[in-house]
Amino acid sequence: MKRATASVDRTSTAVVGLALIALGGGAIAWERGKFPGRERIDAAFVDTAVDAGWWPWALAAAAILLVLLGLWWLLAHLPRRSIGTVAFASTPDADVDGRLSVDLSTAARSAAKSLAAHDGVVSASGRSVSDRGQRVVEITATVDPSVTSLDKVADAAAHTRSDVVTSLEGSPTAVRILLQCGKSRKDSARVN
């Protein structure tokens, strides 16, 4: 989301929030008889509506609707870090007309599967993210805790990174490989 859009969004959210707080405060003041000028306002329809049998149901429906609307609003504004497809830059000497693109999430999962097949790596997962505006293929690998030397794992990670960089040449994408140590059986044993 652009900064201008985000600032308008935050400002409008603050205004709506403050208006709802003021409306709620006014309703509480009205109910307690502390609302200024209440005696000059003819609100007989409000009293009859509040005393009607349908009022609690209407109030509950409005509350549920507002809660659902609020949840939708929050979910709609969650940051989307995943990147779908990325187009490769076209070359001027290309004989073929068209556009070539790659799904970065699929490329990340495939590279992670390749890395997980190496000795010393227990498991690996891959995803594509947007990190501060940069497209990143991120692979997280869990290293077997019984490995005494990380040389082979580091070589496998470097080879996997090189393969991804080579295969995505022409697209502005970075590659990040994170190695984490798995739990040993001693660490995960229960004490009775």
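Arg-127 is partly exposed, with a relative accessible area of 40%, where buried means under 20% relative accessible area, exposed over 50%, and partly exposed in between (1.4 Å probe, protein chains only). The model is predicted: local features need pLDDT of at least 70, side-chain atom pairs count only at pLDDT 80 or more, and totals for chains, interfaces and linings use all residues. Residues are numbered from 1 along each chain as its sequence is written, and side-chain values use heavy atoms, with hydrogens and water left out.

The structure holds two salt bridges, a salt bridge being a side-chain nitrogen of Lys or Arg within 4 Å of a carboxyl oxygen of Asp or Glu. Side chains of opposite charge can pair when their charged atoms come close. In one of these salt bridges, Arg-127 pairs with Glu-138, and the closest N and O atoms are 2.9 Å apart. This pair links distant parts of the chain, since Arg-127 lies in strand 3 and Glu-138 in strand 4, eleven residues apart. Glu-138 counts as buried because its relative accessibility is 9%.

Glu-138 also forms a salt bridge with Arg-176, the closest N and O atoms being 3.0 Å apart. Arg-176 is partly exposed, with a relative accessible area of 26%. Through shared partners, the salt bridges join Arg-127, Glu-138 and Arg-176 into one network.

The strands that carry these residues can be followed in turn. Helices (H or I, at least four residues) and strands (E, at least two) are DSSP runs, numbered from the N terminus, and two strands pair if DSSP finds at least two bridges between them. Strand 3 (residues 121–131) runs antiparallel to strand 4 (residues 134–143), and ten bridges join them. Along this pairing, Val-121 stands opposite Val-143, and Gly-126 stands opposite Ile-139. The two strands form a hairpin with two residues between them, and Arg-132 in the turn has a positive phi of about 55°.

Strand 4 is mostly covered, as eight of its ten residues are buried. Strand 4 also runs parallel to strand 5 (residues 173–181), to which nine bridges join it. The chain crosses from strand 4 through helix 5 (residues 151–167) to strand 5, in a right-handed β-α-β crossover; right-handed means that, with the strands pointing away from the viewer, the path from the first strand over the helix to the second runs clockwise.

The whole chain gives the setting. The protein chain has six helices and five strands, in the order α-α-α-β-β-α-β-β-α-β-α from the N terminus on. Of its 192 residues, 21% are buried. Among contacts (heavy atoms within 4.5 Å) with a separation of 6 or more, 55% involve residues 24 or more positions apart. The protein chain exposes about 14,700 Å², and carbon and sulfur atoms supply 60% of it; accessible areas come from the Shrake-Rupley method with a 1.4 Å probe, and for residues only the protein chains shown count as cover.

Helix 3 (residues 55–76) contains Leu-71. Leu-71 counts as partly exposed because its relative accessibility is 45%. Leu-71 is one of the residues that make a nonpolar surface patch of about 960 Å², which also includes Trp-72 and Trp-73. Patches are made of residues with over 30% relative accessible area and no salt bridge, like charges being joined within 9 Å and nonpolar side chains (Val, Leu, Ile, Met, Phe, Trp, Tyr) within 5 Å.
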